[in-house]
Amino acid sequence: MGYYIHSCPKMKYKEKFAPSFLLCPQNFTWWPIPECQEMLNENKFCVFDKSPKTEKQPSEDELNDLKVLLNRRLLTYSRYKTLAPEDKYREILLTLVKLVGLEKCSKNFAFIIIDPGES
């Protein structure tokens with residue numbers, strides 16, 4: 001349903017659709033709108049997930065299995081690393097995994113790398 005602005009009366013219809021969730025901007029976890037409404041009434045910006053953030057770094061094997069699209073060729077990340085030993089995309093890939101989740105990245109995404117040096 002796109003974005004939601006709690007203080008905008010024209011968007012109130014979105015909270016009536018079930019299930020509807022809001023993303024916690026700190027821990028990137030999803031929360032049902034009814035659980036968030038009271039906090040949003042008090043503050044425009046809220047952290048819904050009060051639990052301490054535990055970041056589990058993916059293992060090297062988990063990263064190696066991710067898909068990479070390099071100049072229209074689909075590879076695993078481990079294969080990409082053999083082709084490009086100076087891996088300047090590792091931090092970006094780790095951020096993607098952190099934001100989206102390893103399971104979703106493994107099944108639904110291909111990390112796209114366009115190398116202008118290759119054609």
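Helices, as runs of at least four residues, and strands, as runs of at least two, are DSSP runs numbered from the N terminus. On that basis the secondary structure of the protein chain in this predicted model comes to five helices and five strands, and from the N terminus on the elements run β-β-α-α-β-β-α-α-α-β. Buried residues make up 27% of the 119 residues in the chain, and among contacts between residues at least 6 apart in sequence, 39% join residues at least 24 apart.

**Helix H1 and its surroundings**

- In helix H1, which spans residues 33-42, the buried residues include Ile33, Cys36 and Leu40; seen down the axis of H1, the buried residues fall within an arc of 65°, so they line one face of the helix.
- The face of H1 turned away from that buried side carries Pro34, Glu38, Asn41 and Glu42, which are exposed.
- The cover over the buried residues of H1 includes strand E1 (21-23) and strand E2 (30-32).
- Asn27 has its place in the loop between E1 and E2, and it counts as buried because its relative accessibility is 11%, below the 20% cut-off.
- Asn27 and Val47 are 20 residues apart in sequence, while their C-alpha atoms are 8.1 Å apart in space.

**Helix H4 and the residues packed around it**

- Leu93, Leu94 and Val97 are buried in H4; they cover an arc of only 100° around the axis, which puts them on the same side of H4.
- The partners against which the buried residues of H4 pack are H2, H3, helix H5 (102-108) and E5.
- Pro58 is placed in the loop between H1 and helix H2 (60-64), and with a relative accessibility of 13% it counts as buried.
- Once its neighbours within four places in sequence are left aside, Pro58 is in contact with Leu63, Leu94, Val97 and Leu102.
- Just after H4, Gly101 takes a positive phi of about 105°.

- Rolling a probe the size of a water molecule over the atoms shows where empty space is left.
- The count comes to one cavity of 30 Å³ or more, and the largest cavity has a volume of about 40 Å³.
- The lining of the largest cavity is made up of Leu66, Lys67, Leu93, Leu96, Val97, Cys105, Phe109, Ala110 and Phe111; the elements that give two or more residues to this lining are helix H4 (90-100) and strand E5 (110-113).
- H4 supplies the largest share of the lining of the largest cavity, namely three residues.
- By residue class, the lining of the largest cavity divides into eight nonpolar residues, no polar residues and one charged residue.

**Aromatic pairs**

- Two aromatic pairs are found in a search of the whole structure; in one of them, Tyr77 and Tyr80 are stacked, at 6.1 Å centre to centre and with 25° between the planes.
- Tyr77 and Tyr80 both lie in helix H3 (residues 77-83), where they are three residues apart, about one turn of the helix.
- An α-helix has 3.6 residues a turn, so residues three or four places apart point the same way.
- Tyr77 is buried, with a relative accessible area of 0%, and Tyr80 likewise counts as buried, at 3% relative accessibility.
- Tyr77, Tyr80 and Tyr89 are linked into a cluster by ring pairs.

**Backbone in the loop between E3 and E4**

- Most residues other than glycine have a negative phi.
- Asn71, placed in the loop between strand E3 (67-70) and strand E4 (73-76), has a phi near 50°, a positive value in a residue other than glycine.
- Arg72 also has its place in the loop between E3 and E4, and its phi is near 70°, again a positive value in a residue other than glycine.
- The relative accessible area of Arg72 is 78%, so this residue is exposed, the cut-off for that class being over 50%.

Definitions and conventions:
Residues are numbered from 1 along each chain as its sequence is written. This is a predicted model: local features need pLDDT of at least 70, side-chain atom pairs count only at pLDDT 80 or more; totals for chains, interfaces and linings use all residues. Side-chain values use heavy atoms; hydrogens and water are left out. Buried means under 20% relative accessible area, exposed over 50%, partly exposed in between (1.4 Å probe, protein chains only). The arc is that of the directions from the helix axis to the C-beta atoms. Contact means heavy atoms within 4.5 Å. On a 1 Å grid over the protein atoms alone, a cavity is a set of points where a 1.4 Å probe fits but cannot get out, and a pocket is an open set with protein on both sides within 12 Å along at least five of seven lines; lining residues have an atom within 4 Å of a point. Grid points are joined across faces, edges and corners, and a volume is the space filled by probe spheres set on the points. Ala, Val, Leu, Ile, Met, Phe, Trp, Tyr, Cys and Pro count as nonpolar, Asp, Glu, Lys and Arg as charged, and the others, Gly among them, as polar. Rings of Phe, Tyr and Trp (its six-membered ring) pair if their centres lie within 6.5 Å; planes under 30 degrees apart count as stacked, over 60 as edge-to-face and the rest as tilted.
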